[in-house]
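I opened the notebook to look up a few things in this structure. The entries below follow the order in which I checked them.

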Amino acid sequence: MKKLIFILLASFSLVSVAQEELKEGVISSKMTMSSDNAEMNSQLQMMGETKITTYFTEDRVRAETSSPMSGESITIVDKEKEKVLTLISSPMYGKKYTMTDYEAPEDLGDDIKITKGDKTKTILGYDCQQYNVTMKADGVDMTMEIFATDQIKAQTQETSQFGDELEGFPLYMKIDVLQQGMKMTLLYDVTEVKNEAVPNNMFDLTPPEGYSKMEDQ
């Protein structure tokens, strides 16, 4: 279960009026976890919340994640250069990096099903559409309720695999994970959206000093 939590964290960021389309800026978000297993839930509550900051332009994204359990991770996606740099600093792995090729989302497989819901809501002034997702991977069943806005032109690592089936940037996600009869719930909320220029050096694909390449396991 601890390995599952780490994977989920490492991969995982106004008034009620229409906002202008946002193509560059900074998004702050948080994620909390709970479980129906009393012992696991106690451990999760002691962890507190995970903080996520996402910097984006039209073709580049930098997501910074900080968690007491998994440490810190940074993922930089550059679609023009077709590269993805991931930096991990954690008690489990130390300081490691990976450099992979960016791959555009392909057609969804049979293990992922997405349906457009009949609900909408306004979050931080952005109109959001409900999506319901069910998926299965490596023996883990997941169901998601997502509210996404098409007014923010950015992509998250968590939802990029859904391709054109899910339009927009998620401002709220509820993820229920079931593994070996144990249920865990992750709640993701965007807390702030800033319309501001992002410096180019935030998307530098050069691994920092002190990081070594993570070899294939």
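**Entry: the end of a helix.** Helices here are DSSP runs of H or I with at least four residues, strands are runs of E with at least two, and both are numbered from the N terminus.

**Entry: ground rules.** I noted that this is a predicted model, where local features need pLDDT of at least 70, side-chain atom pairs count only at pLDDT 80 or more, and totals for chains, interfaces and linings use all residues. Residues are numbered from 1 along each chain as its sequence is written, and side-chain values use heavy atoms, with hydrogens and water left out.

Entry: Which residues of α2 are buried? I found Met 40, Leu 44 and Met 47 in this helix, which spans residues 38–47. They cover an arc of only 50 degrees around the axis, so they lie on the same side of α2. The arc is taken from the directions from the helix axis to the C-beta atoms. An α-helix has 3.6 residues a turn, so residues three or four places apart point the same way. I then checked the face turned away from the buried side, which carries the exposed residues Ala 38, Glu 39 and Met 46. Buried means under 20% relative accessible area, exposed over 50%, and partly exposed in between (1.4 Å probe, protein chains only).

**Entry: the whole chain.** I listed two helices and 12 strands. Along the sequence the pattern reads α-β-α-β-β-β-β-β-β-β-β-β-β-β. The protein has 217 residues, and 42% of them count as buried. Its accessible surface comes to about 12,100 Å², with 45% belonging to carbon and sulfur atoms. That area comes from the Shrake-Rupley method with a 1.4 Å probe.

**Entry: the sheet.** I traced 12 strands in an open sheet, in the order β7-β8-β9-β10-β11-β1-β2-β3-β4-β5-β6-β12, with mixed pairing. The edge strands, β7 (112–123) and β12 (212–213), each pair on one side only. Two strands pair if DSSP finds at least two bridges between them.

**Entry: around β3.** Strand β3 (residues 60–67) is mostly covered, with six of its eight residues buried. On one link, six bridges join β3 to β2 (residues 50–56), and the two run antiparallel. Thr 54 stands opposite Ala 63 of β3. The β2 and β3 hairpin has three residues between its strands. I also followed β3 to β4 (residues 71–78): eight bridges join them, again antiparallel. Arg 60 has Asp 78 in β4 as its bridge partner. A hairpin through three residues joins β3 to β4.

**Entry: β8 and β9.** Nine bridges join β8 (residues 126–137) to β9, and these strands run antiparallel. Val 133 has Met 144 in β9 as its bridge partner.

Entry: How many aromatic pairs does the structure hold? I found one. The rings of Phe 147 and Tyr 172 have centres 6.2 Å apart and planes at 55 degrees, so the pair is tilted. Rings of Phe, Tyr and Trp (its six-membered ring) pair if their centres lie within 6.5 Å; planes under 30 degrees apart count as stacked, over 60 as edge-to-face and the rest as tilted. Phe 147 lies in β9 (residues 140–149) and Tyr 172 in β10 (residues 169–179), 25 residues apart. Both Phe 147 and Tyr 172 are buried.
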